[in-house]
Amino acid sequence: MIRGLYTSAGGMVAQQVRLDVAANNLANAATPGYRADVPSTAALPSLFLYRFNDTVDQMCPFPTSPQPVGYLGTGAAVAQVTTLARSGSYRETGRELDFALPGEGFFVVATPAGERYTRNGAFQVNNIGELTTSEGFPVLSRTGGVAQADDPNLAENLAVMAAPAGQPLTKAGNNLFMAPAVLTPADTPVLRGVLEEANVSPVEAMVDLITAMRTYEAGQKAIQTQDQTLDKLINEVGRV
């Protein structure tokens, strides 16, 4: 019975993670260049049960060797949260400071914590003519300096970096990614006056949100039922 409480609670924790991920995806469905997260659920280690102290029959006073019963699951947990690498759809805006990458690669951004990478090409201009993100982080050019908004070849001169195969990037907040190692330059052309939409399907995100919520409620009901059973076992059966 106690094991059942832990199993149900573990399932609720996993669904809470799924709820958070789905809610974050839905909240960023209109964020340019946003890439959705997908949680992967895995079973916790199982227990293999044996029966002890069994006897062959009433005439055999000595216990036989333990008899196998089978595996007993102990619940599930979120093993990892991965980011979908697929691109979103592209939308023409006609705005001179909107850029998009029709292939692999990321724009390079300078932050106080170091270089970061983004697919969000909705850039701004600061008071000294530098190209920045909406948070004010400078956007870098291919030469390593800060891109200048008045550059006539701005699209061609923006730094575009790509991660080697098998090297995933980690989300760092503000729609930015960080890499464990230096990325390599990419040959992806830069489109001007175009934005990449988020690769989130609002319908799928809403379905995931509702599914996780219903499953969470089922785990909650399971805990309540087991709690009521324990209450009867301790307070009623114990009196008999």
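Author: What follows is a set of questions about those labels, each answered by setting a value against its definition.

Reader: What kind of model is this, and how many helices and strands does the chain have?

Author: This is a predicted model, and the secondary structure of its chain comes to 3 helices and 16 strands.

Reader: Why is the chain called more spread out than a compact globule?

Author: The globule rule gives 18 Å for 240 residues, whereas the radius of gyration of the chain is 27 Å, which is well over that value, so the chain is described as more spread out than a compact globule. Taken along the principal axes, the box that the C-alpha atoms fill is roughly 95 × 35 × 30 Å. The accessible surface of the chain is about 14100 Å², and carbon and sulfur atoms account for 57% of that surface.

Reader: What share of the residues counts as buried, and what share of the contacts joins residues at least 24 apart?

Author: Of the 240 residues, 31% count as buried, the cut-off for that word being under 20% relative accessible area. Where contacts between residues at least 6 apart in sequence are considered, 66% of them join residues at least 24 apart.

Reader: How do you know whether N175 is buried or exposed?

Author: Buried means under 20% relative accessible area, and N175 has a relative accessibility of 15%, so N175 counts as buried. This residue lies in the loop between β12 and β13, and its phi is positive, at about 60 degrees, although N175 is not a glycine.

Reader: What makes a space a pocket instead, and what lines the largest pocket?

Author: A pocket, by contrast, is an open set of points, and the largest pocket has a volume of about 420 Å³. Its lining is made up of 21 residues, and R35, A85, F106, P168 and L169 lie nearest its centre. Strand β4 (residues 76–83) supplies the largest share of this lining, with 3 residues, and by class the lining has 11 nonpolar, 7 polar and 3 charged residues.

Reader: What is the volume of the second largest pocket, and which elements each supply at least two residues of its lining?

Author: The second largest pocket has a volume of about 230 Å³. It is lined by 17 residues, of which N25, D37, V38, A205 and D208 are the closest to its centre. The elements that each supply at least two residues of this lining are α1 (2–27), β1 (37–43) and α3 (202–235), and the lining of the second largest pocket has 9 nonpolar, 3 polar and 5 charged residues.

Definitions and conventions
Residues are numbered from 1 along each chain as its sequence is written. This is a predicted model: local features need pLDDT of at least 70, side-chain atom pairs count only at pLDDT 80 or more; totals for chains, interfaces and linings use all residues. Side-chain values use heavy atoms; hydrogens and water are left out. On a 1 Å grid over the protein atoms alone, a cavity is a set of points where a 1.4 Å probe fits but cannot get out, and a pocket is an open set with protein on both sides within 12 Å along at least five of seven lines; lining residues have an atom within 4 Å of a point. Grid points are joined across faces, edges and corners, and a volume is the space filled by probe spheres set on the points. Helices (H or I, at least four residues) and strands (E, at least two) are DSSP runs, numbered from the N terminus. Ala, Val, Leu, Ile, Met, Phe, Trp, Tyr, Cys and Pro count as nonpolar, Asp, Glu, Lys and Arg as charged, and the others, Gly among them, as polar. The radius of gyration is taken over C-alpha atoms; the globule rule is 2.2 Å times the number of residues to the power 0.38. Buried means under 20% relative accessible area, exposed over 50%, partly exposed in between (1.4 Å probe, protein chains only). Contact means heavy atoms within 4.5 Å. Accessible areas come from the Shrake-Rupley method with a 1.4 Å probe; for residues, only the protein chains shown count as cover.
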